[in-house]
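Reader: Hi! Could you walk me through this fold? I'd like to start with how the strands pair up.

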Amino acid sequence: MTIHRSAATLAFCGLIGLASPSFAEQHADHHEGARVTKAEAILIPTKDSKVEGRITFTQDGERVKVHAVITGLTPGLHGFHVHEYGVWSEDGMAAGGHFNPAGHPHADVTVKERHVGDLGNITADESGKATLDLDDAILSLHGPHSILGRGVVVHEKADDLKSQPSGDAGGRLAVGTIGVSKP
């Protein structure tokens with residue numbers, strides 16, 4: 001473990017208590033006197049990975065706009081999901097499974113009855129950079145579908161969008177905690 005990763009891990013672990021779902025649920029409607037409208041996750045690479053990035057989530061009425069910029073990937077498709085827990089670990093497994101409060105089967109982001117956390121795939125170019133802009137009606141920063149305090153995971157392989165329970169997307173390359181962001 002490098003000093004950079006150790007410092008990032010310590011900073012990340014210090015934020016876990018503030019970004020936990022129970023904290024987020026208790027304070028989502030009371031943050032600075034207004035509802036939370038923006039959240040952010042900073043991806044931290046898992047062991048032996050160089051994947052990093054930033055994802056922003058902006059509540060816009062009943063929809064959430066997702067903007068992601070991720071680097072350090074191999075070219076091609078990579079599974080991209082919101083997971084149950086905003087917890088980093090060396091293998092990424094502490095993030096749990098896909099966030100799925102309604103108990104729906106795994107599916108593509110375009111399917112109405114899917115895991116809340118199913119965001120499909122991101123596509124990395126030849127330099128290993130992926131950019132995603134998504135507008136989704138199932139994600140939320142409030143209520144039972146709130147992703148605050150959850151984890152965002154980028155996987156090593158493409159999500160096949162059908163294998164149960166998680167799309168056979170392989171190992172976890174990076175994990176970030178979704179926390180309240182300044183609007």
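Reader: So how is strand S1 joined to S8?
Author: Two bridges join S1 (residues 38-45) to S8, and the two run antiparallel. Strands here are DSSP E runs of at least two residues, numbered from the N terminus, and two strands pair if DSSP finds at least two bridges between them. Pro 45 has Ala 174 in S8 as its bridge partner. This is a predicted model, where local features need pLDDT of at least 70, side-chain atom pairs count only at pLDDT 80 or more, and totals for chains, interfaces and linings use all residues. Residues are numbered from 1 along each chain as its sequence is written, and side-chain values use heavy atoms, leaving out hydrogens and water.

Reader: And how many bridges join S7 to S8?
Author: Five, again antiparallel, with S7 covering residues 151-155. Val 153 is paired with Val 175 of S8.

Reader: Why is S8 largely enclosed?
Author: Because six of its six residues (172-177) are buried, meaning under 20% relative accessible area with a 1.4 Å probe, protein chains only.

Reader: Nice. Which residues have the most contacts inside the largest nonpolar core?
Author: Among them are Phe 57, Ile 70 and Leu 73, in a core of 33 residues. A nonpolar core is a set of buried Ala, Val, Leu, Ile, Met, Phe, Trp, Tyr and Cys residues joined through side-chain atoms within 4.5 Å. S3 gives the most to this core, with four residues. A second, separate core of five residues includes Val 153 and Val 175.

Reader: Changing topic, what's the mean pLDDT?
Author: The mean is 84, and 81% of the residues reach 70 or more; pLDDT is the predictor's confidence in each residue, from 0 to 100. Over residues 1-33 the pLDDT is below 50.

Conventions. Buried < 20%, exposed > 50% of the residue type's maximum accessible area, 1.4 Å probe, protein only. Contact = heavy atoms within 4.5 Å.
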